[in-house]
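Colleague: I have this model open and would like to learn how to read its features. Could you take me through them one by one?

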Amino acid sequence: MIRLRNIALPLDGDEAALEAAAARALGCKVKSLSVVRRAVDARKKSDVHFVYTLDVSVKNETSALARCRDAAPAPEGIWQPPAFSGNRDSRPVVVGFGPGGMFAALVLAMAGLRPIVLERGEAAEARTETVARMRKSGRLDPESNIQFGEGGAGAFSDGKLSSGVKDRRIPWVLAQLVEAGAPADILTDAKPHIGTDLLPGVCAGIRRRIISLGGEVRFSTKVTGLTAENGRLTGAETNQGLVPCEALILACGHSARDTFEILCKLGIPLSPKPFAMGVRIEHLQREIDKAQYGPFAGHPKLSAADYSLACQLPNGRRCYTFCMCPGGEVVPAASEEGRVCTNGASPSGRNYVNANAALLAAVAPADFPYPGVLGGMEWQRAIEQAAYDAAGGGFLAPCQTVGSFLTGHAAPFGAVSPSYAPGVRALNLHSILPACVGDTIAGALPVFDRKLRGFAAEAAVLTGPETRSSSPVRMERGDDMQSPALRGLYPCGEGAGWAGGIMSAAVDGIRCAQALLESLSGDA
């Protein structure tokens, strides 16, 4: 089988024409082909088209490979979880049911270990109602919200499945999501996404599979401590009682601040790590489409356009966009009373009026005004509390036009209406954001406007703060994925500081499960 790249097709082209295009590229007859990847090439606004990667079967592969520089041998098969023949008597525990914990539990269940999942939040069905109530009335459930519950923080975001991580486990993860109910096009889209309207159902599908394999998922079960003897884990203390275990994958998510505090008290080694903070920026989606697609904007075969921008200012500060949500909305991401923060989400159709993205400034431990390993976390809390107080409570969010943010002159909202619910209050975001964050964003806006026309339009809207881009701490672990201070404890995923996004967290969960299986097999 040959992996053939860079096969172009017009937007109005028929995929039936791919066979002839592949034959021309390879200089021989094609026996069969399948689509591996489809991307939009919009580098030239006068010629927006699709670009395909194909797996192609031909009679003489050696000759075809020699003729075509865009061809290479196709990888052999999809990654599969390893077979396990070790001891299945002891049931491992997985804490957290976001992507890291979910895929760790799935691999363990497929190995026959009957994992016990402890999730502080609710199942997807109940959690959906709780999140909707928060958005409508500003009533927060600190244990089940956009951060906590089945699916983790990613379940109520855009559900973007693209990642900078290159790992052979990724196609397998996508296949499991499709089996659980995700649309099949995520298998071939260059920038796959599911959508916040579909993700809860997909997560529930994976849960049902884990249970069918002998696993158990306990919702509304919060870990409050760990027990150990002679440096080895013996159990997890929860609000429902002690759960004995000798192996625990800790995939608590980047907002489990009380868990970080517990680990510190137990002497589990943590370290502060760089992360980023800022605001959400909103534009009219149709303006982003025009900027990215030119005269092809609105074409029925093109989905809502996205973007990804980054720059380094002359003073060395970095700014970038993150978690861009085409045709979406800004959502409340608080998990603690008296503190407000924001995130973004898109439905599967990406058909809302506004586009939004996090507009973030990178910060490092040297910037933290608070001491200790949890200094970044305490800084997040202080900013979120300042925003809550300034906006008057009720989880209203501070909001400002880009024009006002850059000039300092008050300006009413215009063409772009803020989408954040429970609601916004017009405020000067510079008074809430640290100078190293606010000034960096102000410096980056005109730079980004040169890269993407209209990005710094006066009517664009900034809502903030966005403080939860990634974990402010890292849980140390060795090559065997275990904490050096507590054998049997496997720090995992985004909350542990080892991942950033749905796919990288899922892959890290699989890696932790594999390490646990190797330990039980005596191979570690």
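Modeller: Let us begin with exposure: a residue is buried under 20% relative accessible area, exposed over 50%, and partly exposed in between, using a 1.4 Å probe and protein chains only. Please keep in mind that this is a predicted model, where local features need pLDDT of at least 70 and side-chain atom pairs count only at pLDDT 80 or more, while totals for chains, interfaces and linings use all residues. Residues are numbered from 1 along each chain as its sequence is written, and side-chain values use heavy atoms, with hydrogens and water left out.

Colleague: Is Asp367 buried, partly exposed or exposed?

Modeller: Asp367 is partly exposed, because its relative accessible area is 23%. Arg317 also has a relative accessible area of 23%, so it is partly exposed. These two side chains meet in a salt bridge, 2.8 Å from N to O. The term stands for a side-chain nitrogen of Lys or Arg within 4 Å of a carboxyl oxygen of Asp or Glu.

Colleague: Where do Asp367 and Arg317 lie in the chain?

Modeller: First, a word on numbering: helices (H or I, at least four residues) and strands (E, at least two) are DSSP runs, numbered from the N terminus. Asp367 sits in the loop between strand 17 (354–363) and helix 9 (375–391), and Arg317 in the loop between strand 14 (310–312) and strand 15 (318–332); the pair links distant parts of the chain, 50 residues apart.

Colleague: How close do the N and O atoms of Glu384 and Arg468 come?

Modeller: In that salt bridge the closest N and O atoms are 2.8 Å apart. Glu384 belongs to helix 9 and Arg468 to the loop between strand 20 (461–466) and strand 21 (473–475), so the pair ties together parts that are 84 residues apart in sequence. Glu384 is buried at a relative accessible area of 0%, and Arg468 is buried at 6%. Both are members of a network of salt bridges that also includes Arg257, Glu261, Glu336, Arg339, Glu378 and Arg381.

Colleague: How many salt bridges are there by this rule?

Modeller: The count comes to 28. Another of them joins Asp167 and Arg169, with the closest N and O atoms 2.7 Å apart, and both residues are buried.

Colleague: Now sheets, please. In what order do the four strands of the open sheet stand?

Modeller: Two strands pair if DSSP finds at least two bridges between them. Here the order is 2-3-1-4, with antiparallel pairing. Strand 2 (30–41) and strand 4 (71–73) are at the edges with a single partner strand each, so one side of each is left without a neighbour in the sheet. Strand 1 (residues 2–10) and strand 3 (residues 49–58) pair over seven bridges, and Ile2 stands opposite Val56 of strand 3.

Colleague: Which strands pair with strand 18?

Modeller: Strand 18 pairs in the parallel sense with strand 19 (residues 424–426) over three bridges, and three bridges also join it to strand 20, which runs antiparallel. Cys399 has Ala426 as its bridge partner in strand 19 and Thr463 in strand 20. Both faces of strand 18 are covered: Ala397, Cys399 and Thr401 are buried on one side, Pro398 and Gln400 on the other. Thr463 is itself buried, with a relative accessible area of 0%.

Colleague: How should I read helix packing?

Modeller: Contact means heavy atoms within 4.5 Å. The buried residues of helix 5 (residues 170–179) pack against helix 3 (99–110), helix 6 (199–212) and helix 12 (502–521).

Colleague: At what angle do helix 5 and helix 12 cross?

Modeller: Axes are lines fitted to C-alpha atoms, for helices over the stretch in contact, and angles run from 0 to 180 degrees between N-to-C directions. The axes of helix 5 and helix 12 come within 10 Å and cross at roughly 105°. That makes helix 5 roughly perpendicular to helix 12; the scale counts angles under 35 degrees as roughly parallel, over 145 as roughly antiparallel, 65 to 115 as roughly perpendicular and the rest as oblique. Ile170, Trp172, Val173 and Leu174 of helix 5 make the contact with Met503, Ala506, Val507 and Ile510 of helix 12. Just after helix 5, Gly181 takes a positive phi of about 120°.
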